[in-house]
Amino acid sequence: ANGQATSASNSYRNSFNHSLNGTTYPSGWGSLGLVTMTSGLNAGVSRTVKQQDLLSIQVVRPWPAPIASGDTFVLRAGCDRAMATCSGKFNNLNRFRATPLVPVPETLL
């Protein structure tokens, strides 16, 4: 999803408000995903998204420079590696490679 920062980043440089170019994605759609700045002082820099909601994006590591209003970015959907997410969000259950149905060793007595 392409977007634009609507306000400057906070003093810790780990979050900013955004607009996703008229597209509405539910809260959490980009959480655990990747945001890459395409303009401004951080152009070309990517960060892992800690949390995304309808108005803001918070990243795990701070940006090298403050985000300014009008800076553009690309947000990629995040995956929590759960079977429900793979099926519902990405419609890709046939490529799901985790093993959620295997019991943990402590239950095999």
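**Figure 1. Aromatic pairs in the predicted model.** Two aromatic pairs are counted in this structure, which is a predicted model. One of them joins phenylalanine 16 and phenylalanine 73 in an edge-to-face arrangement, with 5.5 Å centre to centre and 70° between the planes. Through ring pairs, Phe16, Trp63 and Phe73 form a cluster.

**Figure 2. The largest nonpolar core and tryptophan 63.** The largest nonpolar core comprises 13 residues. Phe16, Val35, Ile57, Trp63, Phe73 and Leu75 have the most contacts inside this core. Two or more residues of the core are contributed by each of E3, strand E5 (56–59) and E6. In soluble globular proteins, nonpolar side chains tend to be buried together. Tryptophan 63, when neighbours within four places in sequence are left aside, is in contact with Arg13, Phe16, Val35, Met37, Asn42, Val45, Ser46 and Arg47.

Figure 3. Arginine 47 is part of strand E4, which spans residues 46–52. Beyond neighbours within four places in sequence, arginine 47 is in contact with Gly33, Leu34, Val35, Val59, Arg61, Pro62, Trp63 and Pro64.

**Figure 4. Surroundings of aspartate 71.** Aspartate 71 sits in the loop between E5 and E6. This residue is buried and has no salt bridge, and arginine 13, its nearest side chain of opposite charge, is 11 Å away. A polar atom of the aspartate 71 side chain lies 3.0 Å from the backbone nitrogen of alanine 68. With neighbours within four places in sequence left aside, the contacts of aspartate 71 are Gly3, Gln4, Ala5, Met37, Ser39, Gly40 and Pro66.

**Figure 5. Asparagine 17 in strand E2.** Asparagine 17 lies in strand E2. Its relative accessible area is 35%, so asparagine 17 is classed as partly exposed. The C-alpha atoms of asparagine 17 and serine 56 are 4.1 Å apart, although the two residues are separated by 39 residues in sequence. A polar contact of 3.3 Å joins the side chains of asparagine 17 and serine 7. Not counting residues up to four places away in sequence, asparagine 17 touches Gln4, Ala5, Thr6, Ser7, Leu55 and Ser56.

**Figure 6. Glycine 44 in a loop.** The loop between strand E3 (34–37) and E4 holds glycine 44. Is glycine 44 buried or exposed? Glycine 44 is exposed because its relative accessible area is 61%, and the cut-off for exposed is over 50%. Leaving aside neighbours within four places in sequence, glycine 44 is in contact with Thr36 and Met37. The C-alpha atom of valine 60, 16 residues away along the chain, is 17 Å from that of glycine 44.

Methods
Residues are numbered from 1 along each chain as its sequence is written. This is a predicted model: local features need pLDDT of at least 70, side-chain atom pairs count only at pLDDT 80 or more; totals for chains, interfaces and linings use all residues. Side-chain values use heavy atoms; hydrogens and water are left out. Helices (H or I, at least four residues) and strands (E, at least two) are DSSP runs, numbered from the N terminus. Contact means heavy atoms within 4.5 Å. Buried means under 20% relative accessible area, exposed over 50%, partly exposed in between (1.4 Å probe, protein chains only). Rings of Phe, Tyr and Trp (its six-membered ring) pair if their centres lie within 6.5 Å; planes under 30 degrees apart count as stacked, over 60 as edge-to-face and the rest as tilted. A nonpolar core is a set of buried Ala, Val, Leu, Ile, Met, Phe, Trp, Tyr and Cys residues joined through side-chain atoms within 4.5 Å. Lys and Arg count as positive and Asp and Glu as negative; His and the chain ends are not counted. A salt bridge is a side-chain nitrogen of Lys or Arg within 4 Å of a carboxyl oxygen of Asp or Glu. A polar contact is a pair of N or O atoms within 3.5 Å; within protein, one must be able to donate a hydrogen and the other to accept it, and residues adjacent in sequence count only if both atoms are side-chain atoms.
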